[in-house]
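Work through the exercises below with the sequence and the model open beside you, and try each task before reading its solution.

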Amino acid sequence: MHQSRLLAISLQKSTMVVIPKPNKISYNNPKLFRPIVLLNTVSKLIEKVISNRLQFHVTSNSFIHLSQLGGLKFKSMTNAGVVLIHIIRLGWVKNLSTSTLVFHITQFFPSLNHYFLTLILRKVGFDFHIANFFLNYLIGRKMNYFWNGFTSPSLDVNVGMGQGLALSPILSALYLLPLYLSPFLYILEKYLKILKIPISILLFVDDSLLLLQSKSFSISNSCLFCSYNVVTTLFLKFRLIVEHSKTEVFHFTRSQGIFNPPPLDLSPIGGLILCPKELWKYLGFIFDRKLTFHQHIDFYSNKAMSMVKYMKILDNLNYGLIPNQKHLLY
């Protein structure tokens, strides 16, 4: 298949189901809907095989940066949380507080440039024919949109890639690889190291996190401002846009005194004035500034107890679930 560089047309067709996000007051904005791509079964199997081989090649040759924690096997939200906690506690050993700035790339998967992605594949070391196969795989795709009983005719989809594709996670990880090789980011990290202010960036698919450790929150805010400006500028060069309205700042400290950190003003670069909150929800974790996880434990224990109570409703001899089904659900 890769020698001919062609993929069957029937395998390049898909259906996108547009589902409204729950618990919204109104649905007058396209961002309030979640598009789900339904693929041909054979196409999904082929993509899964290619994805596994592609991921094996790039990871065995250390092409993926260690700070990329999303879209890869054996790297989940739990891994990202463990890495974050580890960095915070290492800073506490050195009497440093940790400041985090999390930001979201809007419309990440639909914004990926096919030709740029093909260039990255060639730089990684793939054969010319394989790189062209991916170009053929991405270009010429057709999609039907299904929404509220309406089905659209087949439309050309030659930009980005579907979020539900098996190849999306690994290809998106490769797409962000040049960010770590940027000389601007290298110079920024070098400059902050000279000032003895360690900084790192973690990527989890379309969510990015800047981590900075310092003894002063004012210094942390200044460095986060500069770092955020550099990173958002680099993303723009990749045709990726950071959604400033979803940017959050949070500080971790073991200080026992009054905790009143200064706000982070991002308005000069198009952002908002960010005030740290008491709790921070990120990747399924509920963080507090001292990492006690009291609220996290309360939330998930209550959720588990609620699920057990709801299961009693299903326990009915006349029309309830059979024991094997309840065991599977539990």
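**Exercise 1.** In which sense, left-handed or right-handed, does H1 pass H5?

The model is predicted, so that local features need pLDDT of at least 70 and side-chain atom pairs count only at pLDDT 80 or more, while totals for chains, interfaces and linings use all residues. Residues are numbered from 1 along each chain as its sequence is written, and side-chain values use heavy atoms, without hydrogens and water.

Solution. Begin with the elements: helices (H or I, at least four residues) and strands (E, at least two) are DSSP runs, numbered from the N terminus. The crossing of H1 with H5 is left-handed, a term that applies if the near helix is turned anticlockwise from the far one by less than a right angle. Next, list the contact (heavy atoms within 4.5 Å): H1 contributes Ser 51, Leu 54, Gln 55 and Val 58, and H5 contributes Ile 170, Leu 171 and Leu 174.

**Exercise 2.** Identify the buried residues of helix H4 and the elements they pack against.

Solution. Apply the cut-off first: buried means under 20% relative accessible area, with a 1.4 Å probe and protein chains only. In H4 (residues 128–138), this selects Ala 131, Asn 132, Phe 133, Phe 134, Leu 135, Tyr 137 and Leu 138. These residues pack against helices H1 (41–60), H3 (114–124) and H5 (168–175), and against strands S4 (141–147) and S6 (155–157). Finally, look just after H4, where Gly 140 takes a positive phi of about 90 degrees.

Key. Buried means under 20% relative accessible area, exposed over 50%, partly exposed in between (1.4 Å probe, protein chains only).
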